[in-house]
Protein chains: 2
Amino acid sequence: MPERWTELENEFRSYIKQITAYNEAIALIYWDMRTGAPKKGINQRSEVIGMLSSLVYDLQTSERMAAYIAELLSPEAKSHLSPITLHALKECKKEYEMNKKIPKDEYEEYVILQSKSEHIWEEAKAKADFFLFQPYLEKLVETMKRFINYWGYEGHPYNRLLDLYEPGMTVDVLDRVFGQLRKDLVKLVQQVQSSSAKPDPSILFFPFPKNKQKSFSLEILKGLGYDLEAGRLDETVHPFATGINRGDVRITTNYNEKDFRTAVFGTIHECGHALYEQNISSDLDWTPLASGTSMGIHESQSLFFENFVGRQYGFWKQNFAVLQRYAKGHLDHVSLDEFYRAINESKPSLIRIEADELTYPLHIMIRYEIEKGLFSGEIEVKDLPQIWNEKYQEYLGVVPSHDGEGVLQDVHWAGASFGYFPSYALGYMYAAQFKNTMLKDLPNFDELLETGNILPIREWLTEKIHKHGKMKKPLEILQDVTNEELNAQYLVDYLRRKFSGVYQLS
Amino acid sequence: MPERWTELENEFRSYIKQITAYNEAIALIYWDMRTGAPKKGINQRSEVIGMLSSLVYDLQTSERMAAYIAELLSPEAKSHLSPITLHALKECKKEYEMNKKIPKDEYEEYVILQSKSEHIWEEAKAKADFFLFQPYLEKLVETMKRFINYWGYEGHPYNRLLDLYEPGMTVDVLDRVFGQLRKDLVKLVQQVQSSSAKPDPSILFFPFPKNKQKSFSLEILKGLGYDLEAGRLDETVHPFATGINRGDVRITTNYNEKDFRTAVFGTIHECGHALYEQNISSDLDWTPLASGTSMGIHESQSLFFENFVGRQYGFWKQNFAVLQRYAKGHLDHVSLDEFYRAINESKPSLIRIEADELTYPLHIMIRYEIEKGLFSGEIEVKDLPQIWNEKYQEYLGVVPSHDGEGVLQDVHWAGASFGYFPSYALGYMYAAQFKNTMLKDLPNFDELLETGNILPIREWLTEKIHKHGKMKKPLEILQDVTNEELNAQYLVDYLRRKFSGVYQLS
């Protein structure tokens, strides 16, 4: 009886529409909290988030959800479903099983541990005292090990964590691509460092009022095709983009009045995320598929715009005069060449979020190797500071003077987000690989940048990536778009070519 | 078994905490929609509001709610409850019965009619074509008449509508106080109009940039005791204040760069509303009692600050020099006396929301008389334009040249908000009556304004009014604070004294 399935399908779609609606409310509340919600209202607001989240959790793990999954994914029903419903059901099933496999009391304990750990981490970082944080990190790792066993895994236990952020990604793939990156990039970094043709970034530091930076940022956003009728730009401490719904994808940025790079490149980066969310197909509205397919693919879009557009010579050929106008004389004596080289300075450093395009992947690799070792049992939490410092010495040639600028610098581990870091480097590799394919369709890519005609680029990305939302898995997108598996060579080639230019390597 | 009641009481409190939480999310979404949410996201956002609202509705009208009401308000249980729970139960019962007495299909029809009517009203207003709107208004009045019968009423059917906005208010009371106001104010308006000592408001019109107005507004807000750590000031088309929670009470205002009065007095008005919501007792958090007790009492607080503080000589003695500084020379040649008289100009006009302190109550009275007649059956919708114009001629001596600036000017009737208008005039009378009592405790009131020491005034209002939230009904507050029933004389005396000064009447 196909009618029976149609009816049940419609019911299921209404059911997930509700979940999507509550998640939309939660997303708006988070945006608000990070962009100026009054501090005295935060405690109560956090409880509101808690109650809405548990509403969502209840709907995701209800018996009704179990029944939808069982009935609609049965062999008789399956063939009658629309592809969107089918994919939505699979997402819901994944979520359902993730949640159901963890005993409720252990999950609650974990949430408390997580929140305590973030507090302690903050204190430990400020005091540069790893031993304060160590027992919490040990418990977090233990807990995640237990969760991995509840969830089950194939191959390496760390695969289970990778899959949370990058469905389908494995240690085997990462070992292969990171192995190549490590070898080639460490060498390239050394070549760049020994070059005598150094850019002069000091030309970039001058007083640049916030409101002027904002006006310039808005102009750049428009030029990149960000739809300001479906978004807005606000100020925050830690920049982010958030797709509250497809017609409301907000960007936030941070203004440093002495260094405009923070806002300009931050805004372009978030714009890449936002373009992804704004251009997902409307067919996916009100389903869990209406968002980026993975952290890595999301990061490929932000990095594509930040680096393959925003840090290119052609882009500034188009935009440097505009920036000069907003800079009120401070850049008038600077040539486009000097400017281009200055914004592409590369220098090994200690802090990941301040790292440049060339050295950034090495920061990620260090974290990947440590996480993998923690979950295979080869590395113990207590040894982290030493291992961290050794790896920084080996890959980047720099050593933290204390753990605050070393192993304690990132919040991720305090929040138990193990498996997240690789997405950043994956995003780089995906972006370079996409770019290589794009050049076949748009051989005039550089000319498009020079003339400010970003539309064909954006449309290409929308057609190949954005519009699919979660209808395709990350590695499926990569294969469909580039017709090959993940290949680190494209990123290596791009970086070698670019930095050979900037640093005049022979 | 008192324990059984305690347990049930706690359960009920958790239940209403959930309702409060969802309402908080809805309030934030509304604030966001009115302060810059991207327009392409609005349709989906409206559905989110719809789904959250129906969640709230379901909780308010559930069998579980019915059981709480029946069991906890039973004679055996009642005596074991805390006063807050008891009042919260009564609020919930009122809401429950309001909702349950209307057949579901009729309510749904009504919601659709209401939304259509607002659209048609907008068009009719723009075209100044009452006949376009007439059939909708007729249906709205019919519907509300039916609802009144479902709900039941005592005395005049219009009492039922008054009670929606001002619990306990009746036609008897309003006829008495409005009768006096009409007689005294019409006469005072005429005296003012025939005075030859006219203020010169032209001194107030000069270019005043938005950012300067905002800085001045923020300074004024701080001076009035608005807690900016529990609120924020944003821009909007129609200014409002919203208590999202007690620690997050936001003000919005509108800047006219040619007439700073819009923003300054608008901000002070909304500040009065906001001070009310910020100073409700924390004991009432997470209950339906944590908000102002009625539209009228709320308006008494906004009008108290706008008129009894913000339009007083003493207030400007303290703040005029600050305003002069922000006005960058444009007010340097103006004396405090000239300024005070200019901001207190009174002139009969056609548009309610542009009316001054003295003529405003007459605009309300006209609407009150019409609404009362509509629901007693003495007035028919088709005759509204004629009746409207006659009353404007009679009370204010002005006649609209078309219905767009006459009977079609306000949105209230298109939204079926019959019974709402009287709150505005009640707010004036309450404010004057409170002020009269306040003078007994704070005989140095004027001196407090002159020295910018608003704290004792705000604390007095908090102690007598704010902190109680909905724990007291409006007329109960009036009685408790002033020890007398509603008395229009205080407003008349205040206006006569003030405008005799401004217009130098003998």
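**Helix H1 of chain A and the surfaces around it**

Modeller: Over all chains, a search of the whole structure finds 64 salt bridges. Keep in mind that this is a predicted model. I will take helix H1 of chain A as the part to look at. First, some setting.

Chain A has 21 helices and three strands. Its C-alpha atoms fill a box of roughly 75 × 50 × 50 Å along the principal axes. How does the radius of gyration of chain A agree with that of a compact globule? For 506 residues, a compact globule would have a value near 23 Å; chain A has 23 Å, so the two agree.

Helix H1 covers residues 2-34 and belongs to the side of domain 1 that touches domain 2.

Start with a link inside the chain. A:Arg4 and A:Glu71 meet through their side chains in a salt bridge, with 2.5 Å from N to O. A:Arg4 lies in helix H1, while A:Glu71 lies in helix H3, residues 63-72. The two residues are 67 residues apart, and the pair links distant parts of the chain.

Now turn to the contact between the domains. Here 17 residues of domain 1 of chain A are in contact with 19 residues of domain 2 of chain A. The size of an interface is often given as the accessible area lost when the parts come together. For these two domains the buried area is about 1700 Å², and carbon and sulfur atoms give 69% of it.

What polar links cross this interface? Four residue pairs are in polar contact between domain 1 and domain 2 of chain A. The rule also finds one salt bridge across the interface. A:Glu91 forms a salt bridge with A:Lys473, and their closest N and O atoms are 3.6 Å apart. Two elements give two or more residues to the domain 1 side: helix H1 and helix H5, residues 83-100. H1(A) gives the most, with ten residues. By type, the residues on the domain 1 side divide into nine nonpolar, three polar and five charged.

Next comes the contact between the chains. Chain A puts 36 residues in contact with 36 residues of chain B. About 3200 Å² is buried between chain A and chain B, with 56% of it on carbon and sulfur atoms.

How many salt bridges are counted between chain A and chain B? The count is twelve. One salt bridge joins the side chains of B:Arg45 and A:Glu24, at 2.7 Å from N to O.

Which elements of chain A give two or more residues to the side that touches chain B? They are H1, helix H2 (42-60), strand E2 (241-245) and strand E3 (248-253). The largest share comes from H1(A), with ten residues. The residues on this side of chain A divide into 15 nonpolar, eight polar and 13 charged.

Helix H1 gives the most residues to the side of domain 1 that touches domain 2. Helix H1 also gives the largest share of the side of chain A that touches chain B. Through A:Arg4, helix H1 is linked to A:Glu71 in helix H3 as well.

Methods
Residues are numbered from 1 along each chain as its sequence is written. Chains are lettered from A and ligands numbered from 1 in the order in which they are written. This is a predicted model: local features need pLDDT of at least 70, side-chain atom pairs count only at pLDDT 80 or more; totals for chains, interfaces and linings use all residues. Side-chain values use heavy atoms; hydrogens and water are left out. Contact means heavy atoms within 4.5 Å. Buried area is the accessible area (1.4 Å probe) that two parts lose on being put together, summed over both. A salt bridge is a side-chain nitrogen of Lys or Arg within 4 Å of a carboxyl oxygen of Asp or Glu. A polar contact is a pair of N or O atoms within 3.5 Å; within protein, one must be able to donate a hydrogen and the other to accept it, and residues adjacent in sequence count only if both atoms are side-chain atoms. Helices (H or I, at least four residues) and strands (E, at least two) are DSSP runs, numbered from the N terminus. Ala, Val, Leu, Ile, Met, Phe, Trp, Tyr, Cys and Pro count as nonpolar, Asp, Glu, Lys and Arg as charged, and the others, Gly among them, as polar. The radius of gyration is taken over C-alpha atoms; the globule rule is 2.2 Å times the number of residues to the power 0.38.
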